[in-house]
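Let's take a walk through this fold together. Have the coordinates open and follow along.

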Amino acid sequence: MLNFELYNATNYVFGKGQTAKVSELIPKNSKVLLAYGGGSIFKNGVYDQVKTALSGFEVVEFGGIESNPRYETLMKAVAIIREQNINFILAVGGGSVIDGVKFLSAAVKFEGNPMDILHKRLLIKDVSQVIPFGTVLTLPATGSEMNSGAVITINETHEKLAFGGSALFPQFSICDPMVITSLPKRQIQNGIVDAYTHVLEQYLTYPHDAILQDRIAEGILQTLVEIGPGVADNPADYKLASNYMWSCTMALNGLIQKGVPTDWATHMIGHELTALYEIDHARTLAIIGPNLYKVLFETKKEKLAQYGERIFQVTGNSIEEKAEKAIEQTVAFFHKMGMQTTLSEYTPDFAKTADFIVNRFEERGWKALGEKQNITTEKVREIVEMSY
Ligand code: NZQ
Ligand code: ZN
């Protein structure tokens with residue numbers, strides 16, 4: 001097993017009726033920015049619950065944080081926080097609102113151009129230089145509620161860029177599975193596939209000796225396969241909803257990544273598809289992931305075979321046969337979860353996508369991705385072209 005440090009600063013508060021605890025979790029006398037998205041919280045009662053819990057606090061509201069949150073929108077909130085001396089932010093929403101708030105947290109006291117946080121992929125480690133924040137999660141998917149990373153889109157340049165650092169863990173996250181009853185089916189499907197791919201990015205590499213990490217990762221994958229179709233059809237089923245929410249958090253709260261190699265190239269390529277075509281994040285992963293496993297077959301085949309045997313009970317006479325079946329089963333699961341798995345199903349305009357992505361990666365100096373640093377830009381081209 002590789003050496004590791006496991007640090008997680010988030011107080012994770014899970015279950016029915018927990019939103020009321022916001023009042024105890026925010027430091028007394030805070031001036032709070034309540035940040036939210038396009039308005040779903042007004043329709044499903046979450047806003048009312050949060051407002052009730054915030055009675056007694058001075059609150060300023062900032063809405064309109066988009067899916068794939070935009071730098072330009074967030075800079076308006078940065079100005080409000082500075083002008084009004086706000087000293088706590090409460091994110092109420094899905095991954096986009098939470099990621100947006102992580103950017104606010106980092107940008108308000110940042111000396112210099114806040115765009116550098118994104119372009120230079122700065123690591124934000126100094127807690128005295130951030131505005132503390134908590135979250136009320138409304139969409140299980142990204143794990144952002146219990147990790148310190150975020151992804152922000154710059155409208156002007158169509159760049160979708162990740163950043164983070166240990167100072168950017170939420171102080172608390174309220175995770176009440178009841179909130180998912182108002183989610184459109186498409187978003188639940190996205191959540192399952194995003195979390196599933198988070199596990200695969202940290203699992204589908206090469207054989208190593210971190211036995212427990214593999215077994216935890218497989219437990220999350222098995223749970224998502226077991227509950228995914230059901231929770232998308234019946235989000236009011238609390239057993240399904242609660243396991244869905246916890247699985248999504250566990251998939252990307254840092255735990256399964258410790259002591260093991262990780263890949264993340266599916267995400268890096270997928271972010272470009274969202275930046276170019278506004279395809280939902282999870283859907284980009286369903287397009288790219290299976291083709292990446294095919295192009296990187298030699299590197300990943302042992303782990304693919306293990307995954308196929310343990311998650312889908314595939315059989316075969318060779319590692320290769322089992323690995324191929326594992327990829328087929330993955331695509332079948334994505335289809336079952338309502339995903340389309342080719343780019344042409346989302347846009348007629350795909351012909352130059354590989355050129356565009358390869359150019360961008362070359363400009364950024366991303367010449368070697370993946371757990372073995374063997375995903376060259378030529379391999380990226382192959383993966384993207386295979387995805388058309
Ligand atoms: O904006 P509102 O009106 O709230 O509506 C949202 C949005 O339209 C809606 N929604 C959320 N909760 C709802 C609800 N509708 C009804 N009832 C509810 N309870 O769902 C839509 C999608 O929300 P969004 O937050 O965009 O989705 P998601 O949570 O999937 O987040 C996606 C973003 O997170 C990033 C993605 O790249 C993308 O920008 N990611 C963040 C990660 C992280 N921080 O660790 C990791 C991920 O890999 C991912 O990259
Ligand atoms: Zn993701």
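What follows goes from the sheet to a helix packed on it, and then to one glutamine.

A word on ground rules: this is a predicted model, where local features need pLDDT of at least 70 and side-chain atom pairs count only at pLDDT 80 or more, while totals for chains, interfaces and linings use all residues. Residues are numbered from 1 along each chain as its sequence is written, chains are lettered from A and ligands numbered from 1 in the order in which they are written, and side-chain values use heavy atoms, with hydrogens and water left out.

Start with the open sheet: six strands, ordered E1-E8-E5-E4-E2-E3, with parallel pairing. (Strands are DSSP runs of E, at least two residues, and helices are runs of H or I, at least four, all numbered from the N terminus; two strands pair if DSSP finds at least two bridges between them.) At the edges sit E1 (11-14) and E3 (58-62), each pairing on one side only. On average, neighbouring strands are turned by 20° against each other, direction ignored. Zoom in on E2 (residues 31-36) and E4 (residues 88-93), and you'll find five bridges joining this parallel pair. There, Tyr36 stands opposite Val92 in E4.

Helix H9 (residues 238-251) packs on the sheet, touching E1, E5 (133-137) and E8 (172-175); contact here means heavy atoms within 4.5 Å. The direction of H9 makes about 165° with that of E1, with axes being lines fitted to C-alpha atoms (for helices over the stretch in contact) and angles running from 0 to 180 degrees between N-to-C directions.

Now hop to Gln202, in helix H7 (residues 185-203). Gln202 counts as buried because its relative accessibility is 4%, and buried means under 20% relative accessible area (1.4 Å probe, protein chains only). Beyond its neighbours within four places in sequence, Gln202 is in contact with residues including Ala251, Leu252, Val260 and Trp264. Its side chain also reaches the backbone nitrogen of Gln257 at 3.5 Å.

Notes:
Buried < 20%, exposed > 50% of the residue type's maximum accessible area, 1.4 Å probe, protein only. Polar contact = N/O pair within 3.5 Å; in protein donor to acceptor, adjacent residues only side chain to side chain.
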